[in-house]
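Hi everyone, thanks for making the time today.

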Amino acid sequence: MQRREKIVFVCLLVFLLLPNIVGVFLAQDLQTMGQRAIYMLTSISIYGLGLCIWRRRTFFYVASAGLLFSAIEFVHLIINQATTSLLFVFTIIKSEKGEFLELLSTYWPIIIVFFALWGVYFYLNHRFIEKEYIGRRVVRYSFAGMFGAFLIACVVG
């Protein structure tokens with residue numbers, strides 16, 4: 001990777017991890033330092049597993065869906081000082097369209113910022129990220145195994 005691509009690569013990863021980074025500091029439901037570390041490591045592992053499987057540009061295109069949902073995560077962090085739960089997602093799905101739009105209209109600056117970030121994200125990905133894998137196959141498979149084992153340990157334990 002060239003220097004410019006490395007800088008853009010790190011910026012795109014920070015875009016993706018932004019709600020998780022903010023959640024570590026704002027979320028009241030993450031009470032101990034261990035919970036905060038596991039939360040962050042789990043988030044990194046999910047993206048790391050994707051990076052091991054797909055080529056860099058493809059990974060960032062696939063992960064862009066998570067960037068759109070980041071706006072909802074930020075609104076939830078601001079309102080409840082907690083990470084998004086299945087109950088919150090279920091409430092959004094089952095609520096009336098008007099209620100959901102009213103909630104989002106209250107926090108419209110966050111939504112606009114995230115759509116702007118999404119546009120910048122796509123531009124940077126398409127312009128600077130190469131269509132190559134992150135590393136050699138042996139390295140990718142090793143990391144994929146470690147990330148997968150960590151995620152399984154988190155779910156089971």
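This is a predicted model: local features need pLDDT of at least 70, side-chain atom pairs count only at pLDDT 80 or more; totals for chains, interfaces and linings use all residues.

If you read along from the N terminus, the elements go α-α-α-α-α-α-α. For a sense of scale, the C-alpha atoms fill a box of roughly 50 × 40 × 25 Å along the principal axes.

Now, how much of the chain is buried? Of the 157 residues, 37% are buried. The chain exposes about 9,900 Å², and carbon and sulfur atoms supply 69% of that area. Contacts across the sequence are worth a mention too: taking those between residues at least 6 apart in sequence, 76% join residues at least 24 apart.

Let's turn to the helix pair. Helix α3 covers residues 56–80 and helix α6 covers residues 108–128. Their axes are 10 Å apart, and the two helices pack at an angle of about 165°. Anything over 145 degrees counts as roughly antiparallel, and α3 and α6 are therefore roughly antiparallel to each other. Their crossing is right-handed.

Which residues make this contact? From α3 they include F60, Y61, L67, L68 and F74, and from α6 they include F114, F115, W118, Y121 and N125. Sorted by type, the residues of the contact of α3 with α6 come out as 17 nonpolar, four polar and one charged.

N125 is found in helix α6. Is N125 buried or exposed? Its relative accessible area is 0%, so N125 is buried. Leaving aside residues up to four places away in sequence, N125 touches L12, R57, F60 and Y61. Of these neighbours, R57, F60 and Y61 are listed among the α3 residues in the contact with α6.

My last stop is G50, which is found in helix α2, residues 33–53. The cut-off for buried is under 20% relative accessible area, so G50, at 6% relative accessibility, counts as buried. How far is G50 from W118? The two are 68 residues apart in sequence, and 19 Å apart in space from C-alpha to C-alpha. You'll remember W118 as one of the α6 residues in the contact with α3.

Key. Residues are numbered from 1 along each chain as its sequence is written. Side-chain values use heavy atoms; hydrogens and water are left out. Axes are lines fitted to C-alpha atoms, for helices over the stretch in contact, and angles run from 0 to 180 degrees between N-to-C directions. Helices (H or I, at least four residues) and strands (E, at least two) are DSSP runs, numbered from the N terminus. Angles under 35 degrees count as roughly parallel, over 145 as roughly antiparallel, 65 to 115 as roughly perpendicular and the rest as oblique. A crossing is left-handed if the near helix is turned anticlockwise from the far one by less than a right angle, and right-handed if clockwise. Contact means heavy atoms within 4.5 Å. Ala, Val, Leu, Ile, Met, Phe, Trp, Tyr, Cys and Pro count as nonpolar, Asp, Glu, Lys and Arg as charged, and the others, Gly among them, as polar. Buried means under 20% relative accessible area, exposed over 50%, partly exposed in between (1.4 Å probe, protein chains only). Accessible areas come from the Shrake-Rupley method with a 1.4 Å probe; for residues, only the protein chains shown count as cover.
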